[in-house]
Amino acid sequence: MIVCVCNNVSDKAIRKAVEQSGVRTYIQLQRVTSAGTCCGKCGSCAKQVLNESVEQY
Ligand code: FES
């Protein structure tokens with residue numbers, strides 16, 4: 001599923017950023033994947049996927 005349409009970032013890409021790039025915060029996620037850096041509409045969804053990925057990791 002695509003979470004950030006502007007930057008074409010999927011939930012899988014967010015999970016990968018957590019597992020392989022050590023991403024733990026939304027700011028880190030923005031730096032690594034660019035998710036949420038354009039219109040910002042995906043912010044709450046991206047944060048939710050991020051938090052779930054961190055919890056499961
Ligand atoms: Fe993610 Fe626009 S949908 S910044």
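Figure 1. Leaving aside neighbours within four places in sequence, Val9 is in contact with Val3, Cys4, Ile14, Thr33, Ser34 and Ala35, two residues being in contact if their C-beta atoms, placed from the backbone, lie within 7 Å. The model is predicted: local features need pLDDT of at least 70, side-chain atom pairs count only at pLDDT 80 or more, and totals for chains, interfaces and linings use all residues. Residues are numbered from 1 along each chain as its sequence is written. Val9 belongs to strand β2 (residues 9-10); helices (H or I, at least four residues) and strands (E, at least two) are DSSP runs, numbered from the N terminus. Val9 counts as buried because 24 C-beta neighbours lie inside 10 Å. The burial classes rest on the other C-beta atoms, placed from the backbone, within 10 Å of a residue's own: 20 or more for buried, 12 or fewer for exposed, and partly exposed in between. Val9 and Ser21, twelve residues apart in sequence, are 15 Å apart in space, C-alpha to C-alpha.

**Figure 2. The protein chain as a whole.** The protein chain has three helices and two strands, in the order β-β-α-α-α along the sequence. Its radius of gyration of 10 Å agrees with the value near 10 Å for a compact globule with 57 residues; this radius is taken over C-alpha atoms, and the globule rule is 2.2 Å times the number of residues to the power 0.38. Along the principal axes, the C-alpha atoms fill a box of roughly 30 × 20 × 15 Å. Buried residues make up 30% of the 57 residues. Of the contacts with a separation of 6 or more, 52% are between residues 24 or more positions apart.

**Figure 3. The annotated segment, residues 2-52.** An unreviewed UniProt entry carries the annotation "domain: BFD-like [2Fe-2S]-binding" for residues 2-52. UniProt positions are given in the numbering used here, feature names are shortened, and annotations may be inferred rather than shown by experiment. Over residues 2-52 the chain is 57% helix and 10% strand, and the end C-alpha atoms of this segment are 16 Å apart.

**Figure 4. Val3 in strand β1.** Val3 lies in strand β1 and is buried, with 24 other C-beta atoms within 10 Å. Not counting residues up to four places away in sequence, Val3 touches Val9, Ser10, Asp11, Ile14, Ala35, Cys42, Cys45, Ala46 and Val49. Val3 and Arg15 are twelve residues apart along the chain, and their C-alpha atoms are separated by 12 Å.

**Figure 5. The largest nonpolar core.** A nonpolar core is a set of buried Ala, Val, Leu, Ile, Met, Phe, Trp, Tyr and Cys residues joined through C-beta atoms within 7 Å. The largest such core has 14 residues, and those with the most contacts inside it are Val3, Ile14, Leu29, Ala35 and Ala46. To this core β1, α1 and α3 each supply at least two residues, and α1 gives the most, with four residues. In soluble globular proteins, nonpolar side chains tend to be buried together. Leu29 touches Ile14, Ala17, Val23, Ala35, Ala46 and Leu50, residues up to four places away in sequence not being counted.

Figure 6. Helix α3 (residues 43-56) has 14 residues and reaches 20 Å from its first C-alpha to its last, close to the 20 Å expected at 1.5 Å a residue; the expected span is 1.5 Å times one less than the number of residues. Ala46, Val49, Leu50 and Ser53 are the buried residues of α3. They cover an arc of only 100° around the axis, which puts them on the same side of α3; the arc is that of the directions from the helix axis to the C-beta atoms. What covers these buried residues includes β1 (2-4), α1 (11-21) and α2 (26-33). The face turned away from the buried side carries the exposed residues Ser44 and Glu55.

**Figure 7. Positive phi values in two loops.** Most residues other than glycine have a negative phi. Asn8, in the loop between β1 and β2, has a positive phi near 55°. Asn8 is exposed, with 12 other C-beta atoms within 10 Å. Ser34, in the loop between α2 and α3, has a positive phi near 70°. Ser34 is partly exposed, with 15 other C-beta atoms within 10 Å.
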